[in-house]
Amino acid sequence: MDDTLSLLALADRMLWITALAAAPVLLASLAVGLVVGVIQAATSVNEQTLTFVATLVVTALVLVLFGASIMGLVADFTREIFAQVATVAR
């Protein structure tokens, strides 16, 4: 029973880590898409590459700025998973 609770806690933490790792990129892409969409609606310019290029540039910039912290978060969680597996396997 204790192993089941620890695995459920680990699954819950995994979902939070996934959300924290994906949030910067998703929020930045959402913001850029919204701004470009409003600009396109106001100017009646319906160019698809404008949205794509702007989103691509912002995504790359966010990954450059936050990539190290995201990887640190994922690496710490991976170490935690391996420690948990080692204790459950005994």
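1. Let's start with Gln40. Leaving aside residues up to four places away in sequence, Gln40 touches Val45, Glu47, Leu50 and Thr51. Gln40 sits in helix 1. Is Gln40 buried or exposed? Its relative accessibility is 13%, so Gln40 counts as buried, the cut-off for that label being under 20%. Bear in mind as you read on that this is a predicted model.

2. Now the overall fold. The protein has two helices and zero strands. Helix 1 covers 2-43 and helix 2 covers 48-89, with a loop between them.

3. That loop is where you'll find Ser44. As background, most residues other than glycine have a negative phi. Ser44 also counts as exposed, because its relative accessibility is 62% and the exposed class begins over 50%.

4. On overall dimensions, the C-alpha trace spans about 65 × 25 × 15 Å along its principal axes. How does the radius of gyration look against that of a compact globule? The protein has 19 Å, whereas a compact globule of 90 residues would have a value near 12 Å.

5. Next, how the chain meets itself. Take the contacts between residues at least 6 apart in sequence: 76% of them join residues at least 24 apart. Ile81 belongs to helix 2. Its relative accessible area is 28%, so Ile81 is classed as partly exposed.

6. What about the surface? Buried residues make up 16% of the 90 residues. The accessible surface comes to about 6,700 Å², and carbon and sulfur atoms account for 76% of that.

7. Which residues make the nonpolar patch of about 410 Å²? They are Phe52, Val53, Leu56 and Val57. Val53, for its part, lies in helix 2. With a relative accessible area of 46%, Val53 is partly exposed, because that class runs between the 20% and 50% cut-offs.

Technical notes. Residues are numbered from 1 along each chain as its sequence is written. This is a predicted model: local features need pLDDT of at least 70, side-chain atom pairs count only at pLDDT 80 or more; totals for chains, interfaces and linings use all residues. Side-chain values use heavy atoms; hydrogens and water are left out. Helices (H or I, at least four residues) and strands (E, at least two) are DSSP runs, numbered from the N terminus. Buried means under 20% relative accessible area, exposed over 50%, partly exposed in between (1.4 Å probe, protein chains only). The radius of gyration is taken over C-alpha atoms; the globule rule is 2.2 Å times the number of residues to the power 0.38. Contact means heavy atoms within 4.5 Å. Accessible areas come from the Shrake-Rupley method with a 1.4 Å probe; for residues, only the protein chains shown count as cover. Patches are made of residues with over 30% relative accessible area and no salt bridge: like charges are joined within 9 Å, nonpolar side chains (Val, Leu, Ile, Met, Phe, Trp, Tyr) within 5 Å. A salt bridge is a side-chain nitrogen of Lys or Arg within 4 Å of a carboxyl oxygen of Asp or Glu.
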